[in-house]
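The sequence and the structure are shown first.

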Amino acid sequence: MQSRIPGTGQSGAAQLPPQSAVSARTADPLIRKLRAGAVAAALVGALGLLSACGGSGGGNDALKASPGSSLPGLPGASGTATASMPGMDMSTAPSSAAPTGQAQAPVSGTAVAIKGFAFSPASLTVKVGTKVTWTNEDSDAHTVTSDGSGGPLNSKAMNTGDTFSYTFTKPGTYKYLCTIHPFMTATVTVTQ
């Protein structure tokens, strides 16, 4: 079905107002590019809408799932959800809060793994003179950086498999984070 564009005298295509032959030839490629861009934008929008709706012909079947299963984040819905950020496995992300009434106990050791977008352990206790080594086990780059200015921890961006080490020479509590992902925080407590 073709629609008539008001003021053009044609179906589906706009005409230039009368101009000299030179300016009409110059404007013609521009109009073609604009039309092509508009058509491409319409197609992309339509395809995006179809994919968001699951490509089904109607109803909201895309929001229904098999009986007995649940869709996290959708009240009363069932089924499974998929991660929306490639490379991030949200099923292994650490809980941001300790179970009610319990604080996480500091762990002793000399190694901190960076995995699942978290430092593990998140709280480490060592003695003065201990060398602690952080190893990035994630596919994304991370840093080990003191929280606040002037702290001793200041690694470069570490890719998968890279390590950073620091020997603690003074007692105290050292809070640190990943500057690339500031929600990643942890603490090293240094005792005598």
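In which sense do β2 and β3 pair, and over how many bridges? The two strands, β2 and β3, are paired in the antiparallel sense, and three bridges join them; strands count as paired if DSSP finds at least two bridges between them.

The model is predicted: local features need pLDDT of at least 70 and side-chain atom pairs count only at pLDDT 80 or more, while totals for chains, interfaces and linings use all residues. Residues are numbered from 1 along each chain as its sequence is written, and side-chain values use heavy atoms, with hydrogens and water left out.

**Overall fold**

The protein contains one helix and nine strands, where helices (H or I, at least four residues) and strands (E, at least two) are DSSP runs numbered from the N terminus. The order of elements from the N terminus is α-β-β-β-β-β-β-β-β-β. Of the 192 residues, 22% are buried; buried means under 20% relative accessible area, exposed over 50%, and partly exposed in between (1.4 Å probe, protein chains only). Among contacts (heavy atoms within 4.5 Å) with a separation of 6 or more, 40% join residues 24 or more positions apart.

An open sheet of four strands has the order β3-β2-β5-β7, with mixed pairing. Because β3 (118-120) and β7 stand at the edges with a single partner strand each, one side of each has no neighbour in the sheet.

**Nonpolar core**

The largest nonpolar core has 20 residues, and F119, W134, V144, F168, Y176 and V188 touch the most other members. Such a core is a set of buried Ala, Val, Leu, Ile, Met, Phe, Trp, Tyr and Cys residues joined through side-chain atoms within 4.5 Å. At least two residues of this core come from each of β2 (111-115), β4 (123-127), β5 (131-136), β8 (172-177) and β9 (185-191). The most are given by β9, with three residues. Beyond four places in sequence, F168 touches residues including V126, V132, W134, L153, Y174 and V188.

**Aromatic pairs**

Five aromatic pairs occur in the structure. Rings of Phe, Tyr and Trp (its six-membered ring) pair if their centres lie within 6.5 Å; planes under 30 degrees apart count as stacked, over 60 as edge-to-face and the rest as tilted. Two of the pairs are tabulated here.

| Pair | Ring centres | Plane angle | Class |
|---|---|---|---|
| W134 and F164 | 5.7 Å apart | 35° | tilted |
| Y166 and F168 | 4.9 Å apart | 80° | edge-to-face |

Since W134 lies in β5 and F164 in β7 (residues 163-167), their pair ties together parts that are 30 residues apart in sequence. W134 is buried at 0% relative accessibility, and F164 is buried at 16%. In the other pair, Y166 is partly exposed at 23%, whereas F168 is buried at 0%. One aromatic cluster is formed by F119, W134, F164 and Y176.

**Surroundings of T143**

T143 is located in the loop between β5 and β6 (145-146) and counts as buried, at 5% relative accessibility. Its side chain makes a polar contact with the side chain of T145, at 3.1 Å. A polar contact is a pair of N or O atoms within 3.5 Å; within protein, one must be able to donate a hydrogen and the other to accept it, and residues adjacent in sequence count only if both atoms are side-chain atoms. A polar atom of the T143 side chain also lies 2.8 Å from the backbone nitrogen of T179. Outside four places in sequence, the residues in contact with T143 include F119, S155, L177 and I180.
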